[in-house]
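Please look over the sequence and the structure first.

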Amino acid sequence: MSISRILNENAKVNWKSLRDVAEYSKKRISSDGLNETNYVGVDNMLQDRKGKTISTRVPSSGNYTQYEPNDILIGNIRPYLKKIWLSDCKGGTNGDVLVIHPTDTNIDTRYLYQLLADDKFFEFNMIHAKGAKMPRGDKQRIMDYLIPIPPLVIQKEIVKILDSFSELTASLTTELVTEFTDRKKQYTYYLDKLLFFETAEVEQKTLGEIGEFQRGKRFVKNDMTSEGVPCIHYGEMYTHYGTWTGEAKSFLSKELVDSKNLRVAENDDVVIVAAGETIEDIGKGTAWLGDEGVVIHDACFSFRSSLNPKYVAYFTRTKQYHDQIRKHISSGKISAINSKGLSKVIIPTPPKEEQEHIVSILDKLDNLITSICESLPKEIELRRKQYEYYRDQLLTFPNDNIKA
């Protein structure tokens, strides 16, 4: 059956309120029958129609609302989060989750789910929700929601088409994520392979022997401005500077930099993270390797040596680097490493030409990873919008026969 046939305005469509075709579950289930996989609380329901996840808090006593396979569960706190799930098992939930049980055999359950997963339903729910800080859907008004009911054969065809789009979106998303994961593994493999040398092959030196570490100076978030001298603040290391980047996100005024004599890492200096969780994450040793100077916080060190700076930066991403610095990391409220510990790290020092060759290969892989990483969320969002467009088209029917 074609889409044009489904959307044929001559198709007979009845409009009914939700209460005419469904009811809230009246069954109860004991906590003895609940576990992390079949207990659904509003906390383990996922936003934006993504279903649910495993529950971390399962009640140990009492009775709860029971749901059956093909019941529709809707998070009733903050309806704008669009938490909804079509159940595939028997389980239980609490009063913060609505369990809608279909009662009309003339409506396909999956079709009803698609109607209630539509933005129009959540908008209706929010209009009638109670409370400002933590809005909660009005259970009675929810049952007033009008839904279009075409012939059952058309409902099933709509579901079939939307399921196909959903499966295609999921398949493409999986494919993109798999490609990214595979490239990331390939990149990690070559990173460790290219930067590993037997002692007999090349000279091994400590970072302290071949270069100098300079620690940054403290400045606070309120010092930062929208323009000026680029800077790296401690709090940004995890959100933006996990690996090097050539684009600053924050700045300090030149007057402040001069008056406080703040440390500026110069062109081609390698800025190494020296505090916080990032220093223990393999693949996230470098905070910056830019084409311009940058003011660094005292949770960073700038490092300058006779080696190719990108070669050093790539080395800080390897397992061998992290295996060495772990023994020098002080554990406390915040993990940290000092220049003395960093200076003891041994790095292979092949000829300059070999360093440049290694960098050129890793640059290509790094650019590929970056490209995939940037395009991945955009592609997934595009597929999601495409799916929502067709869902909206397929669930739109003439409403001239709605009873006043």
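## Basis

The model is predicted. Every value below is computed from it.

## The sheet

Four strands form an open sheet. Their order is E2-E9-E6-E7, and the pairing is antiparallel. Strands E2 (22-24) and E7 (84-86) stand at the edges. Each has a single partner strand, so one side of each lacks a neighbour in the sheet. On average, neighbouring strands are turned by 25° against each other, direction ignored.

Helix H3, residues 109-116, packs on this sheet. H3 touches E2, E6, E7 and E9. The direction of H3 makes about 175° with that of E7.

## Strand E9 and its partners

What joins strand E6 to strand E9? The link consists of 4 bridges between residues 72-75 of E6 and residues 97-102 of E9, and the two strands run antiparallel. Within E9, Val-99 stands opposite Leu-73. Ile-100 of E9 is the bridge partner of Ile-72.

E9 also pairs with E2, again in the antiparallel sense, over 3 bridges. Here Glu-23 stands opposite His-101 of E9.

Why is E9 described as largely enclosed by the rest of the structure? The reason is burial: 5 of the 6 residues of E9 are buried, which means under 20% relative accessible area.

## Helix H3 against helix H6

H3 packs on H6 as well. The angle is about 65°, and the axes are 8 Å apart. The crossing of H3 past H6 is left-handed.

From H3, the contact uses Arg-110, Tyr-111 and Gln-114. From H6, it uses Gln-155, Ile-158, Val-159, Leu-162 and Asp-163. By class, these residues of the H3 and H6 contact are 4 nonpolar, 2 polar and 2 charged.

## Helix H6 against helix H12

H6 spans residues 152-194, and H12 spans residues 352-394. They pack at about 170°, with axes 10 Å apart. Are H6 and H12 roughly parallel or roughly antiparallel to each other? Angles over 145 degrees count as roughly antiparallel, so H6 and H12 are roughly antiparallel.

The contact of H6 with H12 divides into 25 nonpolar, 4 polar and 8 charged residues.

H6 in turn packs with H12.

Definitions and conventions. Residues are numbered from 1 along each chain as its sequence is written. This is a predicted model: local features need pLDDT of at least 70, side-chain atom pairs count only at pLDDT 80 or more; totals for chains, interfaces and linings use all residues. Side-chain values use heavy atoms; hydrogens and water are left out. Two strands pair if DSSP finds at least two bridges between them. Axes are lines fitted to C-alpha atoms, for helices over the stretch in contact, and angles run from 0 to 180 degrees between N-to-C directions. Contact means heavy atoms within 4.5 Å. Angles under 35 degrees count as roughly parallel, over 145 as roughly antiparallel, 65 to 115 as roughly perpendicular and the rest as oblique. Ala, Val, Leu, Ile, Met, Phe, Trp, Tyr, Cys and Pro count as nonpolar, Asp, Glu, Lys and Arg as charged, and the others, Gly among them, as polar. A crossing is left-handed if the near helix is turned anticlockwise from the far one by less than a right angle, and right-handed if clockwise. Buried means under 20% relative accessible area, exposed over 50%, partly exposed in between (1.4 Å probe, protein chains only).
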